[in-house]
Amino acid sequence: MDLHSSVLRQLKNRREGFSLAQPFYIDPDYFKLDMETIWYRDWLFIGHDCEVPRAGNYFTAQIGDYPVVVVRGKDGAIRAFHNTCRHRGHRVCTSDRGASAKLVCPYHQWTYDLDGSLVFARQMGETFDKSEFGLKTVHCESVGGYVFVCLADEAPDFAPMRAAIEPYLKPHRLWEAKVAHRSTIIEKGNWKLVWENNRECYHCAGNHPELCRTYPEAPTATGVQGAKDDPFIAEHWARCEAAGLPSEFRMDPTGQFRVARMPLIQEAESYTLSGKPAVRRPLSADVPVSHVGTMLLFHYPTTWNHILGDHAISFRVLPLSAEETAVTTTWLVNKDAVEGVDYDLDTLTHVWTMTNDQDRAIVEENAFGIRSPAYEPGPYSLDHEGGVMQFVEWYSNFMVDRLQGREAPLSAVA
Amino acid sequence: MNISVPNYRHVDEMRPWSDREHRLACVAVTPESPDVMTFTFRPDRSGLWFRYLPGQFVTLELPVGPEPVLRTYTLSSSPSRPYTVAVTVKAQAGSIGTRWMFDHLKPGMVLTAIGPLGDFSYVRHPGRKYLFISAGSGITPMMSMTRDLGDRSPDSDIAFVHCARTPDDIIFRAELEAKAREMENLSLGFVVRQAARGQLWSGLKGRIDKAKIALLAPDFLDRTVFCCGPEPFMATVRESLASAGFEMKNYHEETFQPVKPEPPVVVADPSGEAAPTKVTFAMSGKEGACEPGHTLLQAARAAGVRIGAACESGLCGTCKVMKLSGEVEMNHNGGILDDEIDEGYVLACCSRPKGDVEIEA
């Protein structure tokens with residue numbers, strides 16, 4: 001039986017409410033299929049508008065086999081290109097990030113304008129037509145300060161996502177924020193394990209002492225069900241919405257993305273050990289009230305986010321191999337906030353630096369155990385792991401439908 | 001090079017040569033007089049023709065050593081024959097670039113060239129009648145213009161006056177005499193300093209002066225004058241014309257400095273006071289002179305300082321260097337960000353010093 005059929009059969013016959021079979025977490029062929037079926041076809045969070053504040057600013061990223069560069073043009077638009085020279089394929093931009101008037105391949109100085117058009121290539125003969133050799137474009141959309149790219153020839157419609165998340169993001173003005181800190185960790189585990197770990201707080205009490213000072217462990221806050229019935233959450237939404245901040249839990253019918261504004265515990269305003277704001281200057285002047293909790297934005301397969309009153313934290317997941325995943329965390333603050341004056345970097349980053357490392361250890365130990373021949377799929381907690389079940393459901397639905405050649409349908413869980 | 005049997009193509013089916021994309025392939029080396037050679041070039045690809053004005057110059061990059069030198073030569077060829085270009089050069093004592101051409105440049109070799117450039121052309125300064133007056137290898141732009149006019153409008157009225165050391169040193173003499181048979185209104189006037197004993201010379205002898213000009217071109221006051229030769233020669237012509245009441249706006253000259261090892265690129269210099277500036281290369285610990293109108297990149301090459309460069313037109317940004325002091329005039333093509341300029345960076349290929357400059361190179 002070929003790989004497609006085998007994966008399809010396994011997903012269709014999977015036991016609902018149970019974790020996936022071993023090869024989904026460790027097999028390189030399954031990984032390749034994940035990349036082709038999910039990663040090379042969906043919109044992926046890649047970075048923030050404020051990482052390319054001016055014309056000529058760029059950053060690069062590696063998405064599976066695809067090197068990509070995101071650059072702001074002279075017209076202010078943010079574009080993404082395949083970062084491979086049309087001459088002999090050398091990476092055009094070789095730094096993580098930088099500023100350049102033109103994108104110049106270091107190999108033979110083929111020179112591309114910021115809109116990707118080839119403007120100079122030395123001595124290529126009279127039949128050479130530069131217009132045929134611009135950088136190949138990657139679909140790119142910016143919403144509320146978040147830049148998404150899609151590697152597919154034809155990208156899924158971005159409009160539903162924009163319509164859903166823009167009102168939630170807009171008050172926080174993240175497109176004009178400032179990156180206070182950025183860290184990338186490599187977790188030695190499959191990207192789905194990284195997500196599964198993220199999608200529940202069943203593990204928080206035993207593993208995240210710093211985070212649990214301020215973040216509620218309640219599945220209503222983390223998961224996908226019951227939030228509206230939680231009076232604490234309902235009261236929070238009412239108060240925030242009255243202040244003009246869209247807050248209620250909203251999820252796309254496919255289950256791929258969702259937004260909600262969740263309260264922190266007690267009087268906490270930020271992810272600090274004290275619960276007090278880490279940044280003296282509010283993130284946005286458009287958020288008129290305090291104690292707004294955390295705006296949660298999830299978009300499979302690349303990003304989860306926490307947007308608070310004083311700062312925002314974005315997480316970007318990029319798979320490196322069947323058993324390695326890079327997670328980039330970016331701390332954003334008001335563009336005018338000054339390190340050492342308005343905030344102390346250690347205080348700002350402490351909780352999630354610790355939490356990330358704890359999660360990394362969990363994911364790696366989880367991956368170790370799954371490699372055991374004795375591993376078999378186990379049952380999720382219905383009370384606590386609804387979020388994980390929803391993630392696996394989403395993954396399975398998207399994979400099955402695409403392997404069968406159909407569009408992704410509505411998720412049954414939502 | 002594999003262009004020996006080009007397909008026949010009409011000019012309108014071909015593309016103009018461009019110094020950004022194409023180089024020059026030497027196709028002929030022709031002796032003209034004892035110290036003078038003509039080097040003829042065609043594009044290093046087929047299907048190209050040369051677009052330039054008669055009288056313009058090119059700058060050749062000559063690989064004399066580890067660092068190439070740049071040398072500027074007026075074209076002696078005519079744009080009416082657009083498949084090749086030619087420079088006719090005289091080997092002077094102490095020359096480096098031209099000496100290299102004499103000793104090493106052979107058919108089949110390919111050179112990088114910049115240009116063509118220049119305003120010294122009847123096209124830019126048209127007149128009813130012309131006086132072309134030259135000395136030594138200052139004849140080359142005159143030859144280019146005469147050949148062009150001979151092809152385009154053979155009835156053009158040209159008084160062609162040329163000064164040489166001896167009759168043997170008259171470059172293009174046979175061709176000019178043939179042209180004078182075809183062109184009814186082309187008159188030739190040769191002036192030599194001396195003739196060898198027994199050598200037949202029925203023309204004028206001595207140095208140029210007002211009387212000789214009046215003799216060889218009696219209606220010179222009505223003519224548009226193009227003058228090219230050593231500075232003392234041109235000074236004499238200028239003074240002769242001015243003292244005869246010539247309308248000097250109809251006088252055009254091209255600097256020609258035969259003994260100077262590095263002839264500068266001719267550039268517009270309204271003040272006429274341009275002098276080389278000093279360029280200090282901080283990392284190399286070297287100093288060099290930058291000729292008026294030359295770029296930092298040219299100055300660096302002349303001083304043996306290597307600066308990476310590719311497009312040499314202010315586009316690709318490869319030659320970006322930090323300027324530590326001094327002022328330059330930079331005309332880039334978008335190869336540098338405003339932020340980088342604010343930080344003190346310049347593109348060496350398109351920055352011309354306005355005084356002494358220090359760069360980090």
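**A threonine, a helix and a core**

The backbone oxygen of A:Ser95 lies 2.9 Å from a polar atom of the side chain of A:Thr60, a polar contact (a pair of N or O atoms within 3.5 Å; within protein, one must be able to donate a hydrogen and the other to accept it, and residues adjacent in sequence count only if both atoms are side-chain atoms). This is a predicted model, in which local features need pLDDT of at least 70 and side-chain atom pairs pLDDT 80 or more, while totals for chains, interfaces and linings use all residues. Residues are numbered from 1 along each chain as its sequence is written, chains are lettered from A and ligands numbered from 1 in the order written, and side-chain values use heavy atoms, without hydrogens and water.

A:Thr60 is found in strand 2 (residues 57-63) of chain A; strands (E, at least two residues) and helices (H or I, at least four) are DSSP runs, numbered from the N terminus. A:Thr60 counts as buried because its relative accessibility is 14%, where buried means under 20% relative accessible area, exposed over 50% and partly exposed in between (1.4 Å probe, protein chains only).

Helix 3 (residues 28-39) of chain A has buried residues that include A:Phe31, A:Asp34 and A:Trp39.

A:Trp191 is in contact (heavy atoms within 4.5 Å) with residues including A:Phe31, A:Asp34 and A:Trp39. A:Trp39 and A:Trp191 are among the residues with the most contacts inside the largest nonpolar core, which has 83 residues. Such a core is a set of buried Ala, Val, Leu, Ile, Met, Phe, Trp, Tyr and Cys residues joined through side-chain atoms within 4.5 Å. Helix 10 of chain A gives the most to this core, with nine residues.

Notes: Lists of a residue's contacts leave out its neighbours within four places in sequence.
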